[in-house]
Amino acid sequence: MGILNNSPALPVLILLPAAILIPLAGLVRERLAYHLAVLSTGLAAAVSALNLAKVLEGGAIHYWLGGWFPPIGIEYVLDHLSAFIVLVVNVIAFLVILHSRVLVAREIPAPGKHVPYYAVALLMLCGFNGILVTGDFFNLYVWLEISSLALYGLVAVGGKKSAVAAFRYLIMGTIGASFYLIGLAFLFTSTGTLNMADMKAVFPHIAGQPAAAVGLVLMVVGFGLKMALFPLHGWLPDAYTQAPSSSSALIAPVGTKVAAYVLFRLLFFVFVPEEAGRGLPVAQAVGWLSAAGIIFGSVMAIAQKEMKRMLAYSSIAQIGYIGLGIGLANSFGFIGAVLHVMNHAVMKALLFLTAGHFRMRLGHSRIPELDETARRRMPWTTAAFSVGALSMVGLPPAVGFFSKWYLALGTIDRSNWIFLGVILASSLLNAVYFFRVIERLYLVKSGPKDGESESAVSEAPASMLLPVLLLAAAIIVLGLLNAFVVKGVLQAAVPPGMT
Amino acid sequence: MTMSPFAPILVSLAAAVLILASGRRANLREAWTLAAAAAKFLLVLALLPPALAGRPAEAVLFELSPGVRFALRADALGVSFALLSSGLWILTSVYSIGYMRGLKEHKQTRYFASFAVCLSSAVGIALSANLLTFIVFYEILTIATYPLVIHKEAPAAVRAGRKYLAYTLTAGVVLIAAAAIVWRAAGSLEFTAGGIGGLAGAGAGTIKALFVLFLAGVGVKASVMPLHGWLPTAMIAPTPVSALLHAVAVVKAGVFGALRVVGFVFGPRLMADHGLNMVLAVFAGATIVLASLLAFKQDNLKRRLAYSTVGHLSYIVLGAALLAPTAYAGAVLHMAFHATMKITLFFCAGAIYVRLHRENISQLDGVGRIMPWTMGAFALGAVGLAGLPPLDGFISKWYLGLGAAEAGRTAAILLLVGSGLLNAGYFFPILQRAFFRPAKEKVEGKGDASPLLVVPLAATAALSLILGLWPDLGARFMTLAKTAAAAVFGGGP
């Protein structure tokens, strides 16, 4: 009773005060900031798990902030889709924050910056949670701005180059947000409501009006940009590469997924794009752009010499999987896309964190300079990296295989052989750029300059190793048990009417 | 109470962990390998009676994908492959220890651990009850073999590893596409004797596309030409690896896949209706001839054996393609019997390398007198591969020939006879050099290679002879093959 009745709002209500409390706690003792961040993200993850359990038991939960009824008040809605993605985001965030203590101290050496770092990180996560649970289009915009501004900060804190990358991201992100806002304005003037459920009810009456079509397209473009949908991905490689490793590990696995969630919501739950006038193939356009993005991102990843930059391009390709699932617009495509939100979050968090380990212990993560030394000094990290890499290639029983499996089933249902070819080709391209690294880590002999002492085991500290090993285990376990997730959650999340 | 088919898979997986954990104590580490190999063989043996009785042991775990379970079923065909790979693993383990220690090889822990994982996945492939489970183990096998191929870590080995991955990973994704299409077309991925029922309703275009995908998917590991390129290159691996993986587990996983696809996915009727058997037979026939001819050109002993393997694998594919019960039984038999002979030859090649550091056939003059046991075993294996009695190679080939006659394919019979002559042509000169030419150079020391090497190779040679005289002894390969063929063709044409 009591507090749990407010559970849809709880993750936000935990993270927002924590973000404000952290600077205060930091005044007392700097280390408190980290502990508070771990505590609050852990709590948020636990509450999200409870919320998902509640949704599975009793269906979608509607929550009216302050007791105001929609459409006047703001509504929070947790259905299968949002509850699931909220859980994924919060669990990954918890593990990455748990991992961050040593790495943040190392990568952000400026005194007094740790405290604001955690405050900003929690603010960003709070924004993500808000976007995921809100049932109100304008409230979504507010959360988008909160999370984005915090995100720019997290990127900029890395150093001189990162400030430039963050500024570029800021410009692009603001353009995206503006697109969304303008699109929303079109729809608001036509429908007179900002509530998603309301909009859905009114929409069939205005479908066919140019304003509806223009509004929808603008909103999709806006979030396509935030999602790094090809060719709107330009901000991503620099931002992920220049940000401190802790930031990239926090942003890359979940940031773009939140934008992808908004596309799910827009295209499959609120609007039926075919009705938006003149048979507008919005979802299909997203699908084809994503297919192009998969190939582009993979080929670019092969060309990269810096591991984090390679992972960034790989992210563009992997986001393409989600977009491809959207483009298929059938139930297997949808399941594959949503499952990949989880799968890619787990894999990318693992890979960016291990890249952080390499940077910390070797001082760099440049692929041509990696050799056996890395493996000898960090056997567990290297093994975890390999597990993540094999999963990215899509080898069973790792999670990466099953994303591809469901997406492949979706393409077959649509008889879209080009998409099927793209998915399979992407597996092989992934193999090229990941085995290139694995080969160096295991087979390239270290140069003569390495003495005995350099080869001694100096694995990352336990606080960093534990989350990484957990993620590596999750890759296998979630892969083997994916049918539980698919049957338990995702099949119920499939939008009504989709086959 | 029947034995769960999961037990033999888990035994070697657990052994891999123990091997990694005891990397610093070599004797303990090798003890794990040997114990796991023995236990695995016994566990597979326990699956034999139910398979022969027509009530295969089954195990179903959770779902891998809604509607497709992670399931195992130890039917006659599967048990045949499982017995073969787990049985030969025991001998290979003994031999590996002798070989790796004899050459003081590096990274033996990685080697033995990868070996154990390979065997787990090979038996997993054998016992998979459906296509998705099959793919899971098939891909694990691909990855677990990679560390063995690149074991030497020299640039040539790394290149061989890349080539191996390029071929096998491509085949893997093609196989995944094939499985996905079957699932949507037939609504089932269960291996069903005589073919998956739902597939009959699919259009001719779908069936033909599926056939091409499957041919590429299993054809790489089965090294059907022109997909065989990785196999001779991968001979850079240590010889026990070549022996077990490239004559037994990996390549046999490919032909086993072909037998599964022909008998348990498409089924004889669908194959015949769409004329797919002819396509398969042409590929197999061409491979048999070309590989035998290419074998003549090889001076490196292991490469000659590799091309010989390519040819013999296609015997098995041809046996499946003939779509006659006796030919299918012959194919299943040849899967097992070729293994006992080919592993003998690889063991011999390895023993020669350890003892004399010679790899080329032109260096083998007079070796028969230095290493009588080794070359004696080699002679037995070579005679068997040429298809002469009383070796087991004669038996399986006889059944293949009978099957060809049953199917009315005279061309296939001629092919088998011709290939036997070619086999004799590229093997017998080796024997002639070894036994009848004087040695060119002096050899240090006396006697054959170490007993750890000679005992296993003598054992496999003896096995080839015993199975040639009593093909149904012990593992009941003959009965298993006939049971499998009867299952596939029971209701068919």
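B:Leu323 counts as buried, because its relative accessibility is 17% and the cut-off for buried is under 20%. The model is predicted. B:Leu323 sits in the loop between helix H12 (301-321) and helix H13 (325-356) of chain B. Its phi is near 55°, a positive value in a residue other than glycine. Most residues other than glycine have a negative phi.

B:Glu153 also has a positive phi, of about 65°, although it is not a glycine. This residue lies in the loop between H6 and H7 of chain B. B:Glu153 counts as buried because its relative accessibility is 8%.

Two cis peptide bonds follow. Most peptide bonds are trans. In chain A, the bond from A:Pro396 to A:Pro397 is cis, with omega near 0°. A:Pro397 belongs to the loop between helix H15 (379-393) and helix H16 (399-413) of chain A. In chain B, the bond from B:Pro389 to B:Pro390 is cis, with omega near 5°. B:Pro390 is placed in the loop between helix H15 (372-385) and helix H16 (392-407) of chain B.

The interface was examined next. The size of an interface is often given as the accessible area lost when the parts come together. Chain B and chain A bury about 2,700 Å² between them, and 75% of this is on carbon and sulfur atoms. In chain B, the residues that lose the most area to chain A are B:Pro66, B:Val173 and B:Arg184, together 19% of what that side buries. In terms of contacts, 30 residues of chain B meet 34 residues of chain A.

Between the two chains, 4 salt bridges are counted. B:Lys107 forms a salt bridge with A:Glu372, with the closest N and O atoms 2.9 Å apart. On the side of chain B that touches chain A, two or more residues each come from strand E1 (57-65), helix H6 (131-149) and helix H7 (155-186). H7(B) gives the largest share, 13 residues. This side of chain B divides into 21 nonpolar, 2 polar and 7 charged residues.

The largest nonpolar core holds 362 residues, of which A:Trp405 and B:Phe266 touch the most other members. Helix H10 (residues 239-273) of chain B supplies the largest share of this core, 21 residues. A second, separate core has 9 residues, including A:Ala291, A:Tyr321, A:Leu407 and A:Val422. Leaving aside residues up to four places away in sequence, B:Phe266 touches several residues, among them B:Leu199, B:Phe211, B:Phe214 and B:Met271.

How values were computed. Residues are numbered from 1 along each chain as its sequence is written. Chains are lettered from A and ligands numbered from 1 in the order in which they are written. This is a predicted model: local features need pLDDT of at least 70, side-chain atom pairs count only at pLDDT 80 or more; totals for chains, interfaces and linings use all residues. Side-chain values use heavy atoms; hydrogens and water are left out. A nonpolar core is a set of buried Ala, Val, Leu, Ile, Met, Phe, Trp, Tyr and Cys residues joined through side-chain atoms within 4.5 Å. Buried means under 20% relative accessible area, exposed over 50%, partly exposed in between (1.4 Å probe, protein chains only). Helices (H or I, at least four residues) and strands (E, at least two) are DSSP runs, numbered from the N terminus. Contact means heavy atoms within 4.5 Å. Buried area is the accessible area (1.4 Å probe) that two parts lose on being put together, summed over both. A salt bridge is a side-chain nitrogen of Lys or Arg within 4 Å of a carboxyl oxygen of Asp or Glu. Ala, Val, Leu, Ile, Met, Phe, Trp, Tyr, Cys and Pro count as nonpolar, Asp, Glu, Lys and Arg as charged, and the others, Gly among them, as polar.
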